[in-house]
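Please look through the sequence and the model shown here before reading on. The briefing that follows goes through sheets, helices, cores and a few single residues in turn.

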Amino acid sequence: MARAQRPVSRSATDIPQNTFMLDNGAFTIKAGFAPTENVSNAENLQSCEVIPNHIVRSRERKTYVAAQSDKITQWSEAVFRRPIENGQLVSWEAEKEIWENSLFDPKTASKKALVQDPADTTLVFAESPNTIPTLQKNADEIIMEEWGFGGYMRVAGPSLNAYNDLHPVFEDAGAPKAQSSLANLPMECLLVIDSGYSCTTVTPCFQGQPMQRAIRRLDIGGKHLTNLLKETISIRHFDLHQDTKIVNDIKEDVAFVSRDPKADLEAVWKGNKAKHYPPSAGTADIDGRPTELRIDYVLPDGVNLTRGYSRPHDSSKEAERKRKLALSQPETNEIVMTLGNERFVTPEVLFNPADIGSKQPGLADCVIQSLAKLPPLVQATMVANTIVVGGNANIPGFVERLQNELRARVKVEWPVRVRKMEDPITSTWLGGARLACNHRDILQKHAVTKAQYDENGSSWLARHFATAH
């Protein structure tokens with residue numbers, strides 16, 4: 001339903017001052033108004049609202065939209081509908097319902113994400129790189145005609161990370177500090193690896209602009225890891241085929257990327273008679289990886305325990321007896337399963353898709369393919385300024401493993417630095433907020449007004465955004 005637009009006195013080419021930043025991810029939406037003054041990253045993040053991007057039907061056949069799903073306590077047999085598949089927004093019917101509930105309805109939207117007057121707001125909309133033109137046109141028409149935003153800018157999401165203050169992230173210990181004047185400038189050369197819920201993209205950026213010909217995509221994301229873990233657990237332990245949310249929680253709680261998968265597989269092999277299972281190589285480092293490969297995971301019952309949790313594995317005979325008793329009497333005892341190689345074999349498919357029969361190259365090879373499209377001098381700079389964003393960046397050992405694999409593939413004289421932001425999930429949103437706050441001239445140049453759209457139409461808008469990047 002279109003909203004009434006109040007008249008504004010600004011010029012037809014001036015975008016509204018209020019800027020709403022929207023990073024429309026496959027798993028969550030990051031939304032909020034950009035600050036009007038230059039403030040620190042921590043203060044910026046306080047304006048960001050993270051909203052589930054899904055519609056859920058519970059086992060009681062009740063429907064929950066976006067953040068309403070926080071009310072669900074029994075996640076077993078819950079069915080999810082997500083508007084984004086393989087990085088593409090394919091269902092605007094579902095997305096509009098989520099946006100209405102999360103951004104425009106005063107009864108359900110938070111203060112951070114509530115858009116009271118679209119006609120007096122500029123929307124910065126972050127999309128996946130190389131989105132299909134037809135889907136881009138759908139987004140443009142719905143945003144400008146359905147909601148009637150006063151200003152609009154559609155941009156490849158990963159490129160917004162260049163506007164974050166990345167100099168402290170890449171500074172090595174003992175290196176000279178970057179000048180404060182550089183903090184507001186976009187990183188000149190930046191390689192952004194966005195590993196989200198539906199896919200993983202590799203985007204080289206030069207002065208904040210994506211280099212289209214070098215963008216590469218791996219069709220594996222957090223959803224595929226969850227589905228693989230679901231199949232593995234259902235075969236080895238309990239049937240969780242209908243419990244996607246529970247398995248996703250397990251993945252977030254216990255999964256890690258191994259530095260030496262072969263050694264770790266040997267350590268947890270059942271034929272290994274050792275009483276104690278040694279930690280994975282390098283697991284005692286400060287990267288947050290576990291010091292034990294096997295753990296016990298307590299599954300939720302939906303009544304006394306709404307979310308499962310992990311605890312150290314107890315290999316004693318008494319603990320084994322209790323676990324067997326729980327299987328025979330689940331109504332009175334906690335349901336526990338012991339997870340070993342499931343923890344690191346699952347995220348391993350990001351680096352070796354052949355493990356699940358995919359012919360796509362692994363993530364490190366995707367990066368090398370992307371770099372091959374760039375001049376040699378730029379390649380060296382890109383691999384030295386590689387930032388990882390998206391939910392999968394939070395998997396322990398992910399950044400370290402990627403850096404090791406890139407180090408083995410590039411010239412020895414090239415420095416390799418792979419880093420992640422403090423919060424890789426909201427990193428893209430924060431970059432967009434800093435762009436709107438500190439680089440108003442760039443926003444004014446590339447964004448369009450409602451009057452311009454009404455005069456020129458959606459085809460002109462598509463050409464405008466294509467040439468802007």
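Two strands count as paired if DSSP finds at least two bridges between them, and the helices (H or I, at least four residues) and strands (E, at least two) are themselves DSSP runs, numbered from the N terminus. This is a predicted model, in which local features need pLDDT of at least 70 and side-chain atom pairs count only at pLDDT 80 or more, while totals for chains, interfaces and linings use all residues. Residues are numbered from 1 along each chain as its sequence is written, and side-chain values use heavy atoms, with hydrogens and water left out.

**Strand S12 and its partners**

- S12 and S13 (residues 209–210) pair in the antiparallel sense over two bridges, and the hairpin that they form has two residues between the strands, with Gln 207 in the turn showing a positive phi of about 55 degrees.
- Within this pairing, Phe 206 has Gln 209 of S13 as its bridge partner.
- Strand S11 (residues 189–195) runs antiparallel to S12 and is joined to S12 by seven bridges, while the hairpin between S11 and S12 passes through four residues.
- Leu 191 is found opposite Pro 204 in S12.
- S12 also pairs with strand S14 (residues 216–218), again in the antiparallel sense, over three bridges, and here Thr 201 stands opposite Arg 217 in S14.
- Strand S12 (residues 200–206) is largely enclosed by the rest of the structure, because six of its seven residues are buried, where buried means under 20% relative accessible area, exposed means over 50% and partly exposed lies in between (1.4 Å probe, protein chains only).

**The six-stranded sheet**

- An open sheet of mixed pairing is formed by six strands in the order S3-S2-S1-S9-S10-S20.
- Strand S3 (49–52) and strand S20 (448–449) stand at the edges with a single partner strand each, so one side of each has no neighbour in the sheet.
- Strand S1 (residues 18–24) and strand S9 (residues 121–127) run parallel and are joined by six bridges, and Asp 23 has Ala 126 in S9 as its bridge partner.
- Helix H3 (residues 133–146) packs on the sheet, touching S9, strand S10 (151–156) and S20, and its direction makes about 155 degrees with that of S10; contact here means heavy atoms within 4.5 Å, and axes are lines fitted to C-alpha atoms, for helices over the stretch in contact, with angles running from 0 to 180 degrees between N-to-C directions.
- Helix H13 (residues 427–438) lies across S1, strand S2 (28–33), S9 and S10, and runs at about 160 degrees to S1.

**Nonpolar cores**

- A nonpolar core is a set of buried Ala, Val, Leu, Ile, Met, Phe, Trp, Tyr and Cys residues joined through side-chain atoms within 4.5 Å.
- The largest nonpolar core has 33 residues, and those that touch the most other members include Leu 22, Trp 99, Leu 103 and Phe 125.
- At least two residues of this core come from each of S1, S2, helix H2 (92–104), S9, H3 and helix H15 (450–468), and H2 gives the most, with six residues.
- Leaving aside neighbours within four places in sequence, the contacts of Leu 103 include Phe 20, Leu 22, Ala 31 and Ile 51.
- There is also a second, separate core of 32 residues, which includes Ile 193, Leu 350, Leu 374 and Val 388.

- The axes of helix H5 (residues 222–236) and helix H6 (residues 244–254) come within 9 Å and cross at roughly 100 degrees, which makes H5 roughly perpendicular to H6 (angles of 65 to 115 degrees count as roughly perpendicular, under 35 as roughly parallel, over 145 as roughly antiparallel and the rest as oblique).
- The residues that make this contact include Leu 225 and Leu 229 of H5, together with Val 247 and Ile 250 of H6.
- In helix H7 (residues 261–268), the residues Pro 261, Asp 264, Ala 267 and Val 268 are buried.
- These four lie on the same side of H7, because they cover an arc of only 120 degrees around the axis, the arc being that of the directions from the helix axis to the C-beta atoms.
- Helix H9 (342–345) and helix H12 (398–407) are among the parts that cover the buried residues of H7.

**Two loop residues**

- Glu 348 sits in the loop between H9 and helix H10 (363–371) and is buried, with a relative accessible area of 7%.
- Not counting residues up to four places away in sequence, Glu 348 touches Pro 261, Asp 355 and Arg 401.
- Ile 335 has its place in the loop between helix H8 (317–328) and strand S17 (336–339), and counts as partly exposed at 25% relative accessibility.
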